[in-house]
Amino acid sequence: MSTDKNSEITNTTEFKDEFGKFSKNYSSFRPLYPDSLYQLIEESVDLEHRELVIDVGCGSGQNSIKLPKIFKKVLAFDPSEGQILSALKHNQVEYKVGSAEKIDVPDNSADAISAATCLHWFNLPLFFKEAERILKSGGYLVVFTYGLHEISNNEEAARVQNELYDVTIGPEYRNETVHALVKSGYRDIAFPFKDTKRTSLKFKTKVSITSLIGHYSSMSPYSNYVKTNPDPLPQVKEKILKAYQTNDDQTPLVECEYTLSIIISKKD
């Protein structure tokens with residue numbers, strides 16, 4: 001597929017802070033990425049390219065704080081000031097407000113660029129141009145994303161979740177271009193470097209019903225929905241408690257399974 005196709009499927013509108021208002025929810029309730037992901041990245045990145053990684057669209061730092069396992073220095077950028085203020089702390093991670101389309105680092109200075117569950121929000125032609133500018137020769141563009149998890153241990157709870165996501169806060173309130181990109185695991189995005197490999201892995205977490213509801217509250221379609229509608233989550237919580245036949249909203253009862261799509265593209 002021609003890289004010109006990227007201009008047809010990417011977000012090109014002016015940035016709106018979809019997450020800043022709910023940044024504390026995002027940092028509290030979104031899952032940390034599994035160790036198996038970072039083992040894969042470590043196996044893919046050669047020893048000569050482990051000095052500086054740029055984590056773009058870093059959000060509240062779930063990925064940023066894991067990258068020091070591989071790289072000596074992490075510079076993490078996000079256009080949302082709210083996300084940066086709520087970001088998880090690490091002594092090898094420096095956070096800055098900034099966009100993926102204009103990264104404030106010199107040419108040929110980065111060993112790698114990471115983009116965790118955020119590429120779908122970028123202006124792809126501008127971002128890929130920046131990646132080519134700032135990556136050293138032989139540097140890596142490491143991109144991954146997950147969609148909505150599956151609830152794998154309760155069919156009724158899974159039905160309630162699907163109704164919330166596909167009907168209540170569904171197409172009317174979500175960005176359908178973004179939704180399609182994530183759902184496909186970025187299959188339709190043409191990456192800028194010839195040496196591009198794609199893979200996927202699954203990981204599971206167990207969360208409390210309170211944490212599950214918190215995860216829903218961190219979704220951008222939810223934030224759009226509640227601007228003009230009553231909050232649906234109290235009723236959703238009651239239905240999920242009933243599905244698990246419990247009043248306990250704190251014990252990890254809900255098994256969530258994620259599929260992580262991973263693309264590693266190496267600059268010539």
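**Exercise 1. Determine whether arginine 159 is buried, partly exposed or exposed in this predicted model, and identify its salt-bridge partners.**

*Solution.* 
Step 1. The relative accessible area of arginine 159 is 40%. Buried requires a value under 20% and exposed a value over 50%, so arginine 159 is partly exposed.

Step 2. Side chains of opposite charge can pair when their charged atoms come close. Arginine 159 forms a salt bridge with glutamate 156, with 2.8 Å from N to O. A salt bridge also joins arginine 159 to glutamate 163, where the closest N and O atoms are 3.5 Å apart.

Step 3. The positions in the helix are examined next. Glutamate 156 and arginine 159 both belong to helix α6 (residues 155–168) and are 3 residues apart, about one turn of the helix. Glutamate 163 and arginine 159 also both lie in helix α6, 4 residues apart, which is again about one turn. An α-helix has 3.6 residues a turn, so residues three or four places apart point the same way.

Step 4. Glutamate 156 is partly exposed at 36% relative accessibility, and glutamate 163 is partly exposed at 32%.

**Exercise 2. State which parts of the chain are linked by the salt bridge between lysine 204 and glutamate 255, and name the network that contains these residues.**

*Solution.* 
Step 1. The side chains of lysine 204 and glutamate 255 meet at 3.6 Å, N to O. The cut-off for a salt bridge is 4 Å, so this pair counts as a salt bridge.

Step 2. Lysine 204 lies in strand β7 (residues 195–207) and glutamate 255 in strand β8 (residues 254–266); the pair links distant parts of the chain, 51 residues apart.

Step 3. Through shared partners, salt bridges join Lys202, Lys204, Glu255 and Glu257 into one network. The structure has a count of 19 salt bridges.

**Exercise 3. Describe the geometry and the setting of two aromatic pairs: tyrosine 33 with tyrosine 146, and phenylalanine 128 with phenylalanine 191.**

*Solution.* 
Step 1. A pair of aromatic rings is described by the distance of the centres and the angle of the planes. The structure holds 8 aromatic pairs. For tyrosine 33 and tyrosine 146, the centres are 5.9 Å apart and the planes stand at 55°, so the pair is tilted.

Step 2. Tyrosine 33 is in the loop between α2 (23–29) and α3 (35–44), whereas tyrosine 146 is in strand β5 (residues 135–146); the pair therefore ties together parts that are 113 residues apart in sequence.

Step 3. Tyrosine 33 is buried, at a relative accessible area of 5%, and tyrosine 146 is buried at 7%.

Step 4. Phenylalanine 128 and phenylalanine 191 form a tilted pair as well, with 5.5 Å centre to centre and 50° between the planes. Phenylalanine 128 belongs to helix α5 (residues 124–134) and phenylalanine 191 to the loop between α7 (176–183) and β7, 63 residues apart. Both phenylalanine 128 and phenylalanine 191 are buried.

Step 5. One aromatic cluster is formed by Tyr33, Phe144, Tyr146, Phe203 and Tyr258.

Notes
Residues numbered from 1 in each chain as written. Predicted model: local features only at pLDDT ≥ 70, side-chain atom pairs only at ≥ 80, totals over all residues. Heavy atoms only, no water. Helix = DSSP H or I, 4+ residues; strand = E, 2+ residues; numbered from the N terminus. Buried < 20%, exposed > 50% of the residue type's maximum accessible area, 1.4 Å probe, protein only. Phe/Tyr/Trp six-rings, centres within 6.5 Å; stacked < 30°, edge-to-face > 60°.
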